[in-house]
Amino acid sequence: MNDNATTTNDANSQIQKVLPRVHRFTQRHHAEGFARHAEKTQWVMLGDDGRYWVATPADCPRLEGAGYEYAD
């Protein structure tokens with residue numbers, strides 16, 4: 001297996017670990033309210049399913065690396 005395929009598999013593995021921890025909302029204000037009132041810091045990102053995803057600051061760069069964007 002070449003290095004490029006290994007990197008892709010590692011990134012995919014990381015995302016598969018992150019996705020179960022993501023909270024999903026159909027409305028932005030619900031996602032922002034959840035993030036604002038969470039016990040620990042949470043950030044809002046745009047999911048690939050048309051929903052807003054709320055994740056930890058540690059998970060957001062992993063999602064961004066996989067092509068997801070932060071909600072502005």
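In what sense do strand 1 (residues 23-25) and strand 3 (residues 52-55) pair? They run antiparallel to one another, linked over three bridges. Keep in mind that this is a predicted model.

Strand 3 also pairs with strand 2 (residues 43-46), again in the antiparallel sense, and here over four bridges. Side by side, the two pairings look like this:

| Pair | Sense | Bridges | Bridge partners |
|---|---|---|---|
| Strand 1 and strand 3 | antiparallel | three | His23 and Val54 |
| Strand 2 and strand 3 | antiparallel | four | Val44 and Val54 |

Val54 is a handy landmark, then: this strand 3 residue is the bridge partner of His23, and Val44 has Val54 as its bridge partner too.

Strand 2 and strand 3 form a hairpin with five residues between the strands. In that hairpin, Gly50 takes a positive phi near 80 degrees.

Four strands make up an open sheet in the order 1-3-2-4, with antiparallel pairing. Strand 1 and strand 4 (69-70) are the edge strands, each pairing on one side only. As background, strands of a sheet pair through backbone hydrogen bonds, either parallel or antiparallel.

And what lies across the strands? Helix 2 (residues 28-37) lies across strand 1, strand 2 and strand 3. Against strand 3, helix 2 runs at about 5 degrees.

Technical notes. Residues are numbered from 1 along each chain as its sequence is written. This is a predicted model: local features need pLDDT of at least 70, side-chain atom pairs count only at pLDDT 80 or more; totals for chains, interfaces and linings use all residues. Side-chain values use heavy atoms; hydrogens and water are left out. Two strands pair if DSSP finds at least two bridges between them. Helices (H or I, at least four residues) and strands (E, at least two) are DSSP runs, numbered from the N terminus. Contact means heavy atoms within 4.5 Å. Axes are lines fitted to C-alpha atoms, for helices over the stretch in contact, and angles run from 0 to 180 degrees between N-to-C directions.
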